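Student: I've just opened this one and I'm new to it. Can you walk me through it?

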Amino acid sequence: MEGGWERARDLSRRAGRGVADAGRAAARAGKATAGGTVRAGKATAGAARAVGRATRRLTHAGGADRTGLGRLIELTASHSAGDTLVTVALAGTVFFGVPVGEARGPVALYLVITMLPFALLAPFVGPILDRFRSGRRYVMAGTLFGRGLLCFAMAAAVGPQDLLTLFAGALGVLVLSKAYNVSRAAIMPSVLPADITLVSANARVALFSLVTAGVMVPIGAGLTLWLGSATMLRLAMVVFFAAGVFAVRLPRHVDSPDLEEEAPAEGRATRWRTLLQVGPAVAEAVWANVAIRLFSGFLLFFLLFLVQDKAVPWLAPAAPDPFFDTPKTIGLLALAAGLGGLIGAVIANWTRNHAPGLIVLLTLATTAATAVTTAVLFGLWAAVAISVITAFAQELGKLALDAIVQREIGEEVRSSTFGVVEAFLQLAWVFGGLIGLGLSLTGSSAAGLVTLASVLTLTLGWLVVRRRARVRAANVRAQQAAAHAETAPYAPSEAVDGTEPLTNPPWT
């Protein structure tokens, strides 16, 4: 009996020691896990700080830290991050739930409903912003705070699938986003460092915005799958609110004093108020960008439906490509378009002192030549090439156009001009998309591409003829001024361009 009790006590002691050993092993494992987590956290934080320091050096290079351009770049990158999160969050809702494979009628209606109202509202944004030049920081902050509130409302509408609230909120986000872009473009000359051109400054802003959007797309998609669209919209709300606070802290010289507009002198027209009165340089850049944006909208929907209908050589039922099916083709074309936009921003940053007007015409010529080549040699890699070139031309041409408007248009109507320009470009993109939907019915890649390539070529020829005529007229005026100066070198005379005569000429 006693032996049995002893054996039981021995087994109990052994079991206790085993439990204690297991506990100590678990404690050691917990400490190791905690230590590894802490080390991983420190490494992640160190990497984030390194990336942040490297980004700050890039955004503040070339004197951008002194003028406020660096802060504007960082603010616009935050604005881009918020817009990307909203787009990714709404992509999984009924609002964007139009399948690509549906009939072209519903897709065309969807395109017009979602884009056309925004384009029609854009011209009214500029005049409103022109009236608040002395508080542009607060206007920009207001657009960010407004988008944050709209994200909160859309988050509440995701669960019950309230389409009216989702549509109104998404439209409001688009309009406020465009209002921010118009304000940002209008203040660019006030934060421009002496060693950086307008094209390069605009390119820096676009480059960091594109990179931020590209980084946020996979992050936002993963978080949306994990947390849901409503939570993602609330996260976007936090991003917008934080960016709004950052906008208020921009340098004070961003705001311009409200000066009373001078009455136009007798015989002189009021300063440029409409797109037809913006001057030849701006008008030329606008029409070139309209043609490029028209082709961009056309190409998107034209290629999308050709691929969806398997009306392309590499998806033909007779000899399909073993690797590139429909989803992979669409993904490849989307990647090519994103890469083209990024290349356009990088090239614009390298252009430095090259004339932006010449850049615009070169982008249009490149797009037209690539469209003709793609129509003749249409295939998978030709479609990829035209997607890259079109996105590249659209980005580079738009950056050059912004620089021209910032240089040529007075500050009192600069926001209005940007608003009208953005409306024209948006309408051109929508109209091009509708053309692409219609021409995709032919099932012929050559027919659609040749048609739009002809439009691009005619536009380019018209703009070149107008530019040559303008240059000849300028040369004639210069010759007349020189001849007039030779005939009357010792007396003040009226200038041939309508300006006031010299009262104290330098030769007296």
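Student: Which way does H3 cross H7, left-handed or right-handed?
Tutor: H3 passes H7 in a right-handed crossing. A crossing is right-handed if the near helix is turned clockwise from the far one by less than a right angle, and left-handed if anticlockwise. Helices here are DSSP runs of H or I with at least four residues, strands are E runs of at least two, and both are numbered from the N terminus. Keep in mind that this is a predicted model: local features need pLDDT of at least 70, side-chain atom pairs count only at pLDDT 80 or more, and totals for chains, interfaces and linings use all residues. Residues are numbered from 1 along each chain as its sequence is written, and side-chain values use heavy atoms, with hydrogens and water left out.

Student: What angle do they pack at?
Tutor: Helix H3 (residues 69-91) and H7 pack at about 35°, with their axes 7 Å apart. Axes are lines fitted to C-alpha atoms, for helices over the stretch in contact, and angles run from 0 to 180 degrees between N-to-C directions.

Student: Which residues make the contact?
Tutor: On H3, they include Ile73, Ala77 and Leu85; on H7, Phe208, Met216 and Gly220 are among them. Contact means heavy atoms within 4.5 Å.

Student: What about the surface, which residues form the nonpolar patch?
Tutor: Leu210, Val211, Val215, Ile219, Leu339, Leu342 and Ile343 form it, with about 510 Å² of accessible area together. Areas come from the Shrake-Rupley method with a 1.4 Å probe, and for residues only the protein chains shown count as cover. Like charges are joined within 9 Å, and nonpolar side chains (Val, Leu, Ile, Met, Phe, Trp, Tyr) within 5 Å.

Student: Which element gives the largest share?
Tutor: H7, with four residues. Ile219 lies in H7 and is partly exposed, at 40% relative accessible area. Buried means under 20%, exposed over 50%, and partly exposed in between (1.4 Å probe, protein chains only).

Student: New topic: where does Lys310 sit?
Tutor: In the loop between helix H9 (280-308) and H10. Lys310 has a phi near 60°, a positive value in a residue other than glycine, and is partly exposed at 41%.

Student: And how many helices and strands are there in the chain?
Tutor: The protein chain has 14 helices and zero strands. Of its 508 residues, 44% count as buried.

Conventions: Patches are made of residues with over 30% relative accessible area and no salt bridge: like charges are joined within 9 Å, nonpolar side chains (Val, Leu, Ile, Met, Phe, Trp, Tyr) within 5 Å. A salt bridge is a side-chain nitrogen of Lys or Arg within 4 Å of a carboxyl oxygen of Asp or Glu.
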